[in-house]
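Subject: Structure handover

Hello,

Here is the structure you are taking over. My notes on it follow below.

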Amino acid sequence: MECNKNRGVVTVEACFVVPIFLFFMLSLGNLFMLLMAEAHIHQSLAEASDYVAEYSYLEYKTGKAGVIDSVLLNTQFKKYLDDDFYVGHTVKNKENGILITVKNDKDNPKIFHAAAIYLAGMDLPFFGKFYITLKDEIKQKRFLGYSPDEKSDTYVYVTPEQSVYHVSRGCTHLSLQYGSKSSKEKDQYAPCHFCGDRDNDTGKIYVSRTTNVYHCKETCSGLKRTVKRIKKEEAAGLLPCSRCGR
């Protein structure tokens, strides 16, 4: 009798556990479909925006950029998206249910915002299907060339030790200058933490002109200067290099 009672308990537990397990597994599968559809829509919108940006120069010469941008973006978006499996199973009315809009940027007329708005559905077991509104947006700059009056960031190069900034990365002042000496002179210097070894006598050591450390290897990282690229406005207080900053 005790054995039969245990079997009944297992059956009752299974009746509760199995539906819950199936609910979460099916919900997870539907969520995966929704995420894949969103990723494919975003990728197609990005590809279409890039295509429109390439043709913006010719369109601007006709004076019909706004109209052509919208038509071209819609055409290319549907071409890239094609008959997508995930979109067909999650988006209401499939690819025809995706609204594509184009809007110029308020601050920069060379930039446009492309958006895809659609209703994405998700099936929940026992609860049915419900829809949520999703929106993907791409900020794209038109390929119209460079204008002299267009503001652009200027970058300079600095090192931790120097009090000047460099305009050119190839400036000779950015190159750490060092010379070679006989290993018999190593006692006059401190060993490098990376390659300095007083027991390793190769007959030659390398010493920088600005330090009192010797190196056993010419390729040692200690003989290379750290150069950082920053915006020019961040170099406030630093003087320009006398060689490349003129």
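Which residue has its charged end over the ring of tyrosine 155? The residue is arginine 229, and its charged end lies 3.7 Å from the centre of that ring. Lysine 92 lies over the face of tyrosine 131, with 5.4 Å to the ring centre. Please keep in mind that the model is predicted.

First, the overall picture. The chain has four helices and 11 strands. Of its 246 residues, 29% count as buried. Among contacts between residues at least 6 apart in sequence, 58% join residues at least 24 apart.

Next, the core. The largest nonpolar core holds 23 residues, and those touching the most other members are Ile41, Leu45, Phe77, Val87, Ile98, Ile100 and Tyr118. Two or more residues each come from helix H1 (2-54), helix H3 (65-81), strand S2 (111-124) and strand S3 (128-141). H1 gives the largest share, seven residues. Beyond its neighbours within four places in sequence, isoleucine 98 contacts residues including Ile41, Phe77, Leu81 and Val87.

Last, the aromatic rings. There are three aromatic pairs. In one of them, phenylalanine 85 and tyrosine 86 have ring centres 5.3 Å apart and planes at 80°, so the pair is edge-to-face. Phe32, Phe85 and Tyr86 form one aromatic cluster. Tyrosine 178 and tyrosine 206 are also edge-to-face, because their planes are at 80°, with centres 6.3 Å apart. Tyrosine 178 is in strand S6 and tyrosine 206 in strand S8, so this pair ties together parts 28 residues apart in sequence. Tyrosine 178 is partly exposed at 30% relative accessibility, whereas tyrosine 206 is buried at 14%.

Regards

Note on methods
Residues are numbered from 1 along each chain as its sequence is written. This is a predicted model: local features need pLDDT of at least 70, side-chain atom pairs count only at pLDDT 80 or more; totals for chains, interfaces and linings use all residues. Side-chain values use heavy atoms; hydrogens and water are left out. A nonpolar core is a set of buried Ala, Val, Leu, Ile, Met, Phe, Trp, Tyr and Cys residues joined through side-chain atoms within 4.5 Å. Buried means under 20% relative accessible area, exposed over 50%, partly exposed in between (1.4 Å probe, protein chains only). Contact means heavy atoms within 4.5 Å. Rings of Phe, Tyr and Trp (its six-membered ring) pair if their centres lie within 6.5 Å; planes under 30 degrees apart count as stacked, over 60 as edge-to-face and the rest as tilted. A charge sits over a ring if NZ of Lys or CZ of Arg is within 6 Å of the ring centre and within 35 degrees of the ring normal.
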